[in-house]
Amino acid sequence: MSKRILKQYCTKKLRKIRHRKGFGVHSPFAYNLITKVIEENYGYYAYQKIEEVWNTKVGNRLTSEDLQRCRPISQKYGRLLFRLANRFRPDIIFEYGSYWGISSLSLHLGNPESQLFCIEPDLYKCEFSKEVILPDFQNIRFLNTSFEEGLSECKQEGIPDFICIHQPVSMSEYETIYALLYPCLGKNTVILVEGIHSGNDVLKAWQKFIADERIRVTMDLFDLGIAFCNPKLNKQDYIVAF
């Protein structure tokens, strides 16, 4: 085990000891979100549907080359996406990356009435996700384009109020992505970014981004970060075990 992986492993274990179940969190908003959404263990109706699609349309089709191209989304992460979308009921969801369509499905089932724009720069993965998801589920658009062009097209329908950034292929993308997100920071915006601890420069870019006064509450789950822009909230950063 490399030193970096060992350090991450130890950090996660320590977080579970210190930051489980909203320990030390006094904000009602943050406490309820941690205990009733992030750490929720309830068996939601959608989990079975997501597993069914994975087993019958995705997992049995992915080749070893596909898995090298992009790992599948973890069940834990996919279920969190569903719970967040279910909790905040966004009108417009913007997703960067598709995880073979399963992450998009998880977000969509959280609020089937929302308009979901999934930007997938990899044409092969984009077409795969379309084939898996679109015949049976509505209100989802898969666009094979860049982050900037996809965000621009999404904004023609309105400013997205839930933004999900799966870990980009290149770490250098993070700063560009954040720069493009600043105009999207509305009072109801929720932003989730995967991989915020994947490198020192990546973490610094995240910390610079969330320093913006329009971002009121952030939660560092180590593998991902979540930011909330509700102006009624006091500015606060939390470390959360996940």
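Phe-209 comes out buried, at 0% relative accessibility; buried here means under 20% relative accessible area, exposed over 50% and partly exposed in between, with a 1.4 Å probe and protein chains only. Keep in mind that this is a predicted model, where local features need pLDDT of at least 70, side-chain atom pairs count only at pLDDT 80 or more, and totals for chains, interfaces and linings use all residues. Residues are numbered from 1 along each chain as its sequence is written, and side-chain values use heavy atoms, with hydrogens and water left out.

OK, so who does Phe-209 pair with? That's Trp-206, in a tilted aromatic pair, 6.2 Å centre to centre with 45° between the planes. For pairing, rings of Phe, Tyr and Trp (its six-membered ring) need centres within 6.5 Å; planes under 30 degrees apart are stacked, over 60 edge-to-face, and the rest tilted. Trp-206 is buried too, at 3%. Helices (H or I, at least four residues) and strands (E, at least two) are DSSP runs, numbered from the N terminus.

Across the whole structure, the search finds 17 aromatic pairs. Take Phe-88 and Phe-228: centres 5.6 Å apart and planes at 40°, so tilted. Phe-88 is in helix α5 and Phe-228 in strand β7, so this pair ties together parts 140 residues apart in sequence. Phe-228 is buried at 2%, while Phe-88 is partly exposed at 23%.

Arg-87 lies over the face of Phe-88, 4.7 Å from the ring centre. That call needs NZ of Lys or CZ of Arg within 6 Å of the ring centre and within 35 degrees of the ring normal.
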